[in-house]
Amino acid sequence: MMNSVQTLSVPERLPRAWRLPALARTLLRFGRRKPLGAIGGVIVLALLVMAIFADRIAPYAYDQSIPAARTKPPSAQFWMGTDNLSRDVWSRVVYGARISVTVGFATVALATLMAATVGVSSAYLGGVYDIVVQRVVDAWMSFPALVVILSLMAALGPGLPNLIFALSILGAATASRVIRGSTLSVMANPYVEAARALGAGHVRIVTVYVLPNVMATIIILSTIGLGTVILAESALSFLGFGIPPPYPSWGAMLSGSGRSFIYHAPWMALFPSAAISLAVFGFNMLGDALRDVLDPRLRGSGRSSS
Amino acid sequence: MRNYILRRLLVAIPSLLIASLIVFTLPRLIPGDVVQLMLQEKAYGKDLEDLRAKLGLNRPIYVQYGEWLLAVGGGHLGESLWTRQPVLAELTRRLPVTATLGGMALGVAILIGIPVGVVAAVRPDGPLDFFARSVAILGLSIPGFVTAILVTLLPAIWWGWTPRTRFVEFSADPAAYVLQFVLPAVILGIASAAGIMRLTRGMLLEVLRQDYVRTAWAKGLRERIVVLKHALKNALIPVMTVLGLQVAAIASGAVIVEWIFGIPGMGQFLVDAIVQRDYPVIQGINLVIVTIIVVTNLTVDLIYAVLDPRIRY
């Protein structure tokens with residue numbers, strides 16, 4: 001009896017219960033709590049993959065004319081058909097993702113930088129500076145988005161860098177207002193006062209005490225901004241003020257040739273439409289879910305739609 | 001209260017002035033010279049200078065701004081550099097067109113957004129709520145120009161029906177004039193309706209949790225009275241503010257919708273003017289739009305103070 005018990009020797013190391021890595025567990029929990037947000041995340045991921053590996057995924061180049069394949073309906077060879085210049089629509093949609101993603105991320109990065117600079121400095125310095133800056137932001141915000149961007153694009157001329165610049169100036173104004181509010185509430189905390197009492201300089205207070213606490217707001221604003229920017233880019237390209245052809249922006253694929261051949265070859269317009277809507281939907285859902293998880297106070301804060 | 005109104009008015013004035021400065025300088029940043037564009041390749045140095053002097057483009061920019069501001073104050077918006085028509089006359093012809101479109105779109109947004117929001121909030125997580133929220137998400141994600149294209153494309157494929165594109169003047173046929181705006185206005189209003197629905201739902205849910213609503217239930221009032229009379233009134237206050245912001249969103253959307261449906265309103269005028277670098281026209285349109293929006297926001301703020309007695313500035 002004793003022997004049999006003794007033979008059950010305890011192994012030196014118990015086999016650990018198999019667990020998912022921490023990141024995967026967080027993602028899984030996010031997916032269970034926010035199913036729509038998770039769907040959005042998957043769409044965004046697919047979009048990123050399409051954008052980065054566009055030259056591997058697309059069977060043809062975006063400007064390649066395929067002989068004897070003018071306005072062919074969708075088939076096994078051309079998943080989304082071909083357009084009036086014998087180009088593969090699927091390939092163009094894939095390369096279009098690259099434009100949307102580039103414009104989206106670059107614009108949001110630039111806009112966030114501007115908005116954080118203006119918002120934080122305006123709240124931190126206060127006084128006359130704050131009043132003057134806020135009046136300019138007021139004036140800027142009272143322009144309808146598209147009217148400002150159209151005028152700016154006309155002033156700057158077409159092209160990718162100008163488009164990014166114009167879109168980010170616009171996004172920065174609204175975002176700076178939110179960041180300013182957030183900074184004001186952070187600065188009311190006793191720890192900021194304590195830091196000042198301890199003799200911390202302005203730079204130290206802003207970088208060590210204020211910025212990290214405003215970060216959640218900034219991240220949420222950026223994610224939600226991405227959807228809006230992608231929408232704005234496609235609207236501008238649709239009107240012909242965006243990225244010039246032959247580069248395939250989804251918005252541009254809908255205007256021009258997409259519109260004149262619309263009855264003859266509807267797939268030319270349908271697939272880019274679906275791509276725009278899916279991309280915007282993905283970013284909106286992901287942004288909404290992130291906001292709910294990271295900062296419930298911002299729930300219901302406005303997202304402009306144009 | 002009177003102090004608040006006065007202070008709010010005083011804040012609006014510098015906003016308008018700064019906006020006018022932006023309105024004035026923005027089109028002047030456009031590269032390429034309208035004078036060169038007008039004379040094409042026929043121009044020589046002397047002709048360019050003459051035309052510039054004639055159009056008043058050769059003086060310092062601050063002088064031009066000052067004169068423009070004085071003229072605007074007197075009700076003159078200048079004349080188109082191309083057609084020599086007064087900008088104000090053209091605007092008064094086109095403003096009613098865009099105003100009809102925008103007003104109808106706002107009407108669509110309110111008529112769909114608020115009732116659906118209320119119904120969704122009364123039975124949260126019910127089938128209707130789920131349906132309304134899903135449709136709202138779609139409405140926010142599908143851009144207006146995509147909806148417009150689908151609306152013109154799908155019926156054409158299925159039934160061979162295409163919307164009429166010829167514009168009917170009000171004087172010719174008032175009924176047809178209004179009817180032709182229905183489709184564009186619905187397309188324009190959908191996105192705003194989705195936003196308003198979501199906000200109405202969220203705000204109403206919050207208000208329905210308040211103590212005074214429970215008191216109303218406890219008094220034995222009917223659901224209709226509790227929701228519509230007690231709760232909705234307070235839930236709609238933030239919705240008012242967003243309605244003000246929607247005016248700007250609708251003005252943006254109108255540019256695209258007018259372009260697609262060939263409606264001769266302000267949006268089309270603006271796109272044409274930008275292509276032709278017609279400064280006075282761009283300035284005039286921007287100024288009118290900005291003034292409308294600043295005044296709308298001001299009105300919303302004032303109504304806000306009247307509606308919500310807790311606000312005392």
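Against which helices do the buried residues of helix 12 of chain B pack? They pack against helix 7 of chain A and against helix 5 (87–122), helix 11 (223–261) and helix 13 (279–307) of chain B.

This is a predicted model, in which local features need pLDDT of at least 70 and side-chain atom pairs count only at pLDDT 80 or more, while totals for chains, interfaces and linings use all residues. Residues are numbered from 1 along each chain as its sequence is written, and chains are lettered from A in the order in which they are written.

Helices are DSSP runs (H or I, at least four residues), numbered from the N terminus. Helix 12 of chain B spans residues 266–276. Its buried residues (20 or more other C-beta atoms, placed from the backbone, within 10 Å of their own) are B:M266, B:G267, B:F269, B:L270, B:A273 and B:I274. Seen down the helix axis, they fall within an arc of 160°, so they line one face of helix 12 of chain B; the arc is that of the directions from the axis to the C-beta atoms. B:R277, with a positive phi near 55°, follows this helix.

Between the chains, 36 residues of chain A are in contact (C-beta atoms, placed from the backbone, within 7 Å) with 46 residues of chain B. The elements giving two or more residues to the side of chain A that touches chain B are tabulated here.

| Element of chain A | Residues |
|---|---|
| Helix 6 | 127–141 |
| Helix 7 | 145–156 |
| Helix 10 | 202–239 |
| Helix 13 | 267–294 |

In chain A, A:V89 lies in helix 5 (residues 89–125). A:V89 is buried, with 28 other C-beta atoms within 10 Å.

Notes:
Buried ≥ 20, exposed ≤ 12 C-beta atoms within 10 Å, placed from the backbone. Contact = placed C-beta atoms within 7 Å.
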